[in-house]
Amino acid sequence: TYHDLGEYAKAIEAYVQGIDRFPTYNEAYFNKGISGLHLFIRPEEYKGFVEIMDKNQANERENKIRQYDFLHDFYKNITKASADFAPIYVALGKMHDSLSEYQKALDHLNRAISLAPNFALAYFQRANIHVHLHKNLDAIEDCNKALALGYNDYDIFDLYYTRGHTFEQLSQFDESVADYRKATELEWFNDFGVPMSDCSVSNAS
């Protein structure tokens with residue numbers, strides 16, 4: 001999809017077309033909001049607000065908070081229509097994470113997991129929050145849970161980086177090195193589409 005390829009503007013256009021055809025399809029609103037979040041812009045209906053923001057000289061955090069406020073309202077409107085839609089709480093958690101509001105992020109991710117105990121992405125996102133809160137054992141546990149549930153999204157290498165970093169903080173260096181190596185291999189494969197083992201360079205003597 002456009003979103004998976006990082007072409008978020010095109011993804012938003014596709015979701016808008018989908019919403020026009022199926023106005024009650026909650027997941028399309030959610031995905032459109034996520035694409036907008038990646039671009040640090042509002043979804044389509046807030047373009048006017050973005051143009052105003054581009055003209056002012058507010059600092060980066062103030063701009064992010066303004067964007068967040070609109071995104072927050074956007075997601076909250078969806079939760080009113082579908083209060084048990086767990087991905088919305090993951091999105092809210094990611095937004096609070098981006099503002100360094102880690103306890104609020106944790107609360108939303110806990111809510112997502114309570115609604116969907118097998119939602120692998122929610123565990124991965126919560127692991128990141130545990131890292132910020134210096135809860136290393138909890139972070140490792142959530143990374144392990146995400147993997148056990150089959151997490152295999154395009155950013156899976158980030159999960160191994162996260163767990164590797166956490167092992168490093170605990171001085172578990174063998175585990176840390178193994179995870180960093182796995183993360184590097186996965187990131188290489190994502191970027192180039194071939195395993196690192198197929199791209200070894202011979203040393204000329």
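Modeller: Rings of Phe, Tyr and Trp (its six-membered ring) count as a pair if their centres lie within 6.5 Å; planes under 30 degrees apart are called stacked, over 60 edge-to-face, and the rest tilted. The model is predicted, so local features need pLDDT of at least 70 and side-chain atom pairs count only at pLDDT 80 or more, while totals for chains, interfaces and linings use all residues. Residues are numbered from 1 along each chain as its sequence is written, and side-chain values use heavy atoms, with hydrogens and water left out.

Colleague: How many aromatic pairs does a search of the whole structure find?

Modeller: The search finds three aromatic pairs. One of them joins F157 and Y161: the ring centres are 6.4 Å apart and the planes stand at 90°, so this pair is edge-to-face.

Colleague: Where do F157 and Y161 lie?

Modeller: Both are in helix 9, four residues apart, which is about one turn of the helix. Helices here are DSSP runs of H or I with at least four residues, strands are runs of E with at least two, and both are numbered from the N terminus. In general, an α-helix has 3.6 residues a turn, so residues three or four places apart point the same way.

Colleague: Buried or exposed: what is F157?

Modeller: F157 is buried, at a relative accessible area of 13%. The cut-offs are under 20% relative accessible area for buried, over 50% for exposed, and partly exposed in between, with a 1.4 Å probe and protein chains only. Y161, at 27%, counts as partly exposed.

Colleague: And which pair do Y161 and Y180 make?

Modeller: That pair is tilted, because the centres are 6.3 Å apart and the planes are at 45°. Y161 belongs to helix 9 and Y180 to helix 10, so the pair ties together parts that are 19 residues apart in sequence. Y180 is partly exposed, with 25% relative accessibility. Through such ring pairs, F157, Y161 and Y180 are linked into a cluster.

Colleague: Changing topic: how many salt bridges are there?

Modeller: The count comes to two, where a salt bridge is a side-chain nitrogen of Lys or Arg within 4 Å of a carboxyl oxygen of Asp or Glu. In one of them, the side chains of R126 and D142 meet at 2.6 Å, N to O. R126 is in helix 7 (residues 120–132) and D142 in helix 8 (residues 136–148), so this pair links distant parts of the chain, 16 residues apart. Both R126 and D142 are buried.

Colleague: Which side chain does D179 meet in a salt bridge?

Modeller: D179 meets R163, at 2.6 Å from N to O. Since D179 lies in helix 10 and R163 in helix 9 (residues 156–169), the pair ties together parts that are 16 residues apart in sequence. D179 counts as buried at 5% relative accessibility, and R163 counts as buried at 14%.

Colleague: What else is D179 in contact with?

Modeller: Leaving aside neighbours within four places in sequence, D179 is in contact with Y160, R163, G164 and F167; contact means heavy atoms within 4.5 Å. Helix 10, where D179 is found, covers residues 173–192.

Colleague: Which residues have the most contacts inside the largest nonpolar core?

Modeller: They are A112, A146, Y151 and L159, in a core of 26 residues. Such a core is a set of buried Ala, Val, Leu, Ile, Met, Phe, Trp, Tyr and Cys residues joined through side-chain atoms within 4.5 Å. The elements giving two or more residues to this core are helix 5, helix 6 (102–115), helix 7, helix 8 and helix 9. Y151 touches A120, L121, F124, A146, I156 and L159, not counting residues up to four places away in sequence.

Colleague: How many residues of helix 5 are buried?

Modeller: Eleven of its 13 residues are buried, so helix 5 is mostly covered. Among the buried residues are I88, Y89, L92 and M95.

Colleague: What sits over the ring of Y89?

Modeller: The charged end of R111 does, 5.4 Å from the ring centre. The rule asks for NZ of Lys or CZ of Arg within 6 Å of the ring centre and within 35 degrees of the ring normal.

Colleague: Finally, how many helices and strands does the chain have?

Modeller: The chain has ten helices and zero strands. Buried residues make up 38% of its 205 residues.
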